[in-house]
Amino acid sequence: MDELEILKKQWQSQEQVLPHLSYDDIYKMLLKKSSSIVKWIFFISIAEILFWTLLSFLVPESSTKFSDEIGLHNILLGVNVLNYSVFGFFIILFYKNYRKISTTDSIKDLMKNILRTRKTVKYFVIYNVTASILLIIGINFYYYVNQDIVFRFMTEDYGITNISQERFMKMFFVIQILFGIVMIGFVMLFYRIVYGILLRRLHKNYKELKKIEV
Amino acid sequence: MNKELEHSFVTQLEENQNIVHKICRLYTNDSDAHNDLFQEITIQLWRAFPKFRGDSKFSTWMYRVALNTAITLYRKSKRSIKTQDFEGVSFKISSEPYDDTTEKQLKLMYSAVKDLNDIDKALVFLYLEDKNYKEISETLGITEVNARVKMNRIKEKLRTILNP
């Protein structure tokens with residue numbers, strides 16, 4: 001087979017047109033694994049903020065009306081502004097971590113950056129879970145204080161009748177608490193799965209790097 | 001100790017990097033994909049390096065790990081490789097001048113090789129690297145007879161592509 005033989009000859013002379021990487025270029029590649037994980041952390045945090053924003057558009061009108069009537073409008077607005085600012089702050093931190101890691105050259109710095117990223121993610125998760133718990137407790141406390149308005153709204157707008165206020169409120173709070181627990185469970189599960197996997201991988205890389213360093 | 005391991009790995013990879021570049025060139029179509037594959041192979045090699053005992057040559061071991069990585073990734077992405085893309089590959093540098101027909105034939109040949117499936121491509125690659133059937137079979141983990149039979153089939157396939 002002539003062509004294959006000619007190709008073989010050509011093939012062996014192509015060495016001259018192949019790219020050439022230096023020792024340092026290759027060395028840096030060994031460190032790059034972590035940078036892609038940190039990039040994912042950054043992307044997921046952005047996806048998350050988009051998800052919550054989209055979700056807030058889906059809140060039914062009756063629920064908004066309820067919050068407005070009971071006087072929660074401004075409080076919720078304030079909570080939202082605060083929440084988005086904190087989210088934005090964390091996204092900036094994640095981005096900074098990502099930039100730092102992808103330009104890191106030495107193993108020592110990389111290890112430091114991995115630790116920093118892990119810490120940032122930990123704080124981010126703690127903030128989110130705590131904020132959810134506080135928000136649920138806060139809103140229910142507000143409902144508790146304003147029981148009369150809640151009951152009036154429910155009887156007028158949802159047509160709930162022939163039930164005493166005391167009985168209704170008891171049921172209302174039981175449902176609220178159960179719902180709150182499920183919600184927080186979901187939030188924790190989400191963080192455990194998504195960030196848990198990424199953090200474990202980062203930790204593995206960290207351990208590998210430590211082996212190299214010592 | 002581990003610093004030494006790292007140093008020895010990077011030095012040897014630097015010396016033998018052409019093998020990886022050639023595999024990348026065969027399995028990818030643009031320089032971005034080329035660099036990605038190179039990096040992936042580097043990481044896989046580095047992961048496997050502690051298990052490399054040195055009972056075969058570094059380059060032989062490299063062929064095996066690098067080709068496995070390329071084959072696995074290629075399977076995952078399942079991108080179809082378009083024949084036109086190989087035009088970017090330069091055949092300019094050669095010791096002896098070729099006339100236009102040869103150049104054309106070569107390009108056709110190369111594109112036909114790029115169109116082969118992942119395993120066949122690995123086989124042709126090793127053949128082009130002037131490996132004998134024993135080495136080919138060891139690298140790809142098949143029997144020598146199997147390698148010969150496969151190679152003959154590939155040659156047949158290439159012949160029909162080139163002379164329809």
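User: Where is Val150(A) found?
Analyst: Val150(A) sits in helix α7 of chain A, which covers residues 147–157. Keep in mind that this is a predicted model.

User: Buried or exposed?
Analyst: Val150(A) is buried, because 21 other C-beta atoms lie within 10 Å. The cut-off for buried is 20 or more.

User: What is it in contact with?
Analyst: Setting aside neighbours within four places in sequence, Val150(A) is in contact with Ile70(A) and Tyr143(A).

User: And how is Val150(A) placed relative to Ser67(A)?
Analyst: The two are 83 residues apart along the chain. Their C-alpha atoms are separated by 9.7 Å.

User: Zoom out. How many helices and strands are in chain A?
Analyst: Chain A has 8 helices and 0 strands. From the N terminus, its elements run α-α-α-α-α-α-α-α.

User: What about chain B?
Analyst: Chain B has 8 helices and 0 strands. Its pattern along the sequence is α-α-α-α-α-α-α-α.

User: Next topic: cores. How many residues are in the largest nonpolar core?
Analyst: The largest nonpolar core has 46 residues. Those with the most contacts inside this core are Ile23(B), Ala66(B), Ala70(B) and Leu123(B).

User: Which helix gives the largest share?
Analyst: Helix α4 of chain B, residues 58–77, supplies 8 residues of this core.

User: What does the second core include?
Analyst: The second core is separate and has 18 residues. Val38(A), Leu110(A), Tyr195(A) and Leu209(A) are among them.

User: Which ones are buried?
Analyst: Lys121(B), Ala122(B), Leu123(B), Val124(B), Phe125(B), Leu126(B), Tyr127(B) and Leu128(B).

User: How do α6(B) and α8(B) cross?
Analyst: Their axes come within 10 Å and cross at roughly 95 degrees. That makes α6(B) roughly perpendicular to α8(B).

User: Which residues make the contact?
Analyst: From α6(B), they are Asp120(B), Leu123(B), Val124(B) and Tyr127(B). From α8(B), they are Ala147(B), Lys150(B), Met151(B) and Ile154(B). By type, the contact of α6(B) with α8(B) has 6 nonpolar, no polar and 2 charged residues.

User: At what angle do α7(B) and α8(B) pack?
Analyst: Helix α7, residues 133–140, and helix α8, residues 144–162, pack at about 105 degrees in chain B. Their axes are 8 Å apart. So α7(B) and α8(B) are roughly perpendicular to each other.

User: Which residues meet there?
Analyst: Tyr133(B), Lys134(B), Ile136(B) and Ser137(B) of α7(B) meet Glu144(B), Asn146(B), Ala147(B) and Arg148(B) of α8(B). The contact of α7(B) with α8(B) divides into 3 nonpolar, 2 polar and 3 charged residues.

User: Where is Asp130(B)?
Analyst: Asp130(B) lies in the loop between α6 and α7 of chain B. Its phi is near 65 degrees, a positive value in a residue other than glycine.

User: Is Asp130(B) buried or exposed?
Analyst: Asp130(B) is exposed, because 11 other C-beta atoms lie within 10 Å. The cut-off for exposed is 12 or fewer.

User: Last topic: confidence. What is the mean pLDDT of chain B?
Analyst: The mean is 80, and 83% of chain B's residues reach 70 or more.

User: Where does pLDDT stay under 50?
Analyst: Over residues 79–96 of chain B. The model has 23 contacts beyond four places in sequence for that stretch.

User: What are the ipTM and pTM?
Analyst: The model scores ipTM 0.70 and pTM 0.54.

Conventions
Residues numbered from 1 in each chain as written. Chains lettered and ligands numbered in written order. Predicted model: local features only at pLDDT ≥ 70, side-chain atom pairs only at ≥ 80, totals over all residues. Helix = DSSP H or I, 4+ residues; strand = E, 2+ residues; numbered from the N terminus. Core = buried A, V, L, I, M, F, W, Y, C linked by C-beta atoms within 7 Å. Axes fitted to C-alpha atoms, helices over the stretch in contact; angles between N-to-C directions. Parallel < 35°, antiparallel > 145°, perpendicular 65-115°, else oblique. Contact = placed C-beta atoms within 7 Å. Nonpolar A, V, L, I, M, F, W, Y, C, P; charged D, E, K, R; others polar. pLDDT = per-residue confidence, 0-100.
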